[in-house]
Amino acid sequence: MSVRFESQKDLDRESKAVKLFCDEYNLTSEKLSPNDIDFKIYKDGKFLFYLEVKGRIRNLQDCFPLPIAVRKLLKMTDKKQDGVILWACLDGIVFSRVENLKGEIRIGGRIRREGSANDIELMSYYNNSSNFKFLQYEKF
């Protein structure tokens with residue numbers, strides 16, 4: 001069994017991103033279990049789609065190519081429901097419906113950490129296109 005590496009900071013970034021997304025479109029979210037897709041998204045109590053949130057420790061202007069593990073995409077499509085992938089950047093979010101994504105698949109990931117089974121794996125990378133939408137956090 002692999003170790004979970006999500007920190008409180010990661011979870012806070014995820015919550016902030018989902019709040020911005022839901023507030024913008026008048027939606028609500030339901031957090032799912034740690035081994036599932038991240039959220040179910042609703043409008044007026046009606047289920048709309050699944051949402052997977054990926055952290056991206058970069059500003060929106062420098063966030064591409066956007067990475068996601070192919071296993072996450074498979075998990076999303078196995079749901080047989082609409083899905084959206086959202087990347088939570090430092091200054092905002094970028095997102096797209098899964099069926100609109102067009103990218104490159106190759107082995108990638110991050111530097112291997114002890115106890116992790118998923119640091120080096122089959123990844124999908126996406127360059128900027130008209131399929132992506134952007135929202136920025138308010139600056140105070």
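Select Tyr42 to start: its bridge partner in β3 is Phe47. A word before you click on: this is a predicted model, where local features need pLDDT of at least 70 and side-chain atom pairs count only at pLDDT 80 or more, while totals for chains, interfaces and linings use all residues. Residues are numbered from 1 along each chain as its sequence is written, and side-chain values use heavy atoms, with hydrogens and water left out.

**Stop 1: the hairpin.** Now show β2 and β3. They form a hairpin with 2 residues between them, and Asp44 in the turn has a positive phi of about 50 degrees. The two strands pair in the antiparallel sense over 5 bridges. Here, two strands pair if DSSP finds at least two bridges between them. Strands pair through backbone hydrogen bonds, either parallel or antiparallel.

Stop 2: Pick Ser29 and look across: opposite stands Ile41 in β2.

**Stop 3: the sheet.** In what order do the strands of the open sheet lie? Colour 6 strands and you can read it off: β1-β2-β3-β5-β6-β9, with mixed pairing. At the edges are β1 (28-31) and β9, each pairing on one side only. Neighbouring strands of this sheet are turned by 30 degrees against each other on average, direction ignored. Zoom in on β5 (residues 83-88) and β6 (residues 92-97): they run antiparallel, joined by 5 bridges. Ile85 stands opposite Ser96 in β6.

**Stop 4: the helices.** Select residues 8-25 for helix α1, which lies across β1, β2 (39-43), β3, β5, β6 and β9, running at about 140 degrees to β3. Then take residues 70-78, helix α2: this one lies across β3 and β5, at about 175 degrees to β3. For these angles, axes are lines fitted to C-alpha atoms (for helices over the stretch in contact), and angles run from 0 to 180 degrees between N-to-C directions. Contact means heavy atoms within 4.5 Å.

Zoom out for a moment. The protein has 2 helices and 9 strands, running α-β-β-β-β-α-β-β-β-β-β from the N terminus on. Helices (H or I, at least four residues) and strands (E, at least two) are DSSP runs, numbered from the N terminus.

**Stop 5: the rings.** A search of the whole structure finds 10 aromatic pairs. Rings of Phe, Tyr and Trp (its six-membered ring) pair if their centres lie within 6.5 Å; planes under 30 degrees apart count as stacked, over 60 as edge-to-face and the rest as tilted. Select Phe64 and Phe132: the ring centres are 5.4 Å apart and the planes stand at 65 degrees, so this pair is edge-to-face. The pair links distant parts of the chain, 68 residues apart: Phe64 is in the loop between β3 (46-55) and β4 (66-69), Phe132 in the loop between β8 (120-126) and β9 (133-136).

Is Phe132 buried or exposed? It counts as buried, because its relative accessibility is 7%. The cut-offs are under 20% relative accessible area for buried, over 50% for exposed and partly exposed in between (1.4 Å probe, protein chains only). Of the 140 residues of the protein, 40% count as buried.

**Last stop: charges over rings.** Select Lys16 and Tyr137: the charged end of Lys16 sits over the ring of Tyr137, 4.1 Å from its centre. Then find Arg106, which lies over the face of Tyr125, at 3.9 Å from the ring centre. The test is NZ of Lys or CZ of Arg within 6 Å of the ring centre and within 35 degrees of the ring normal.
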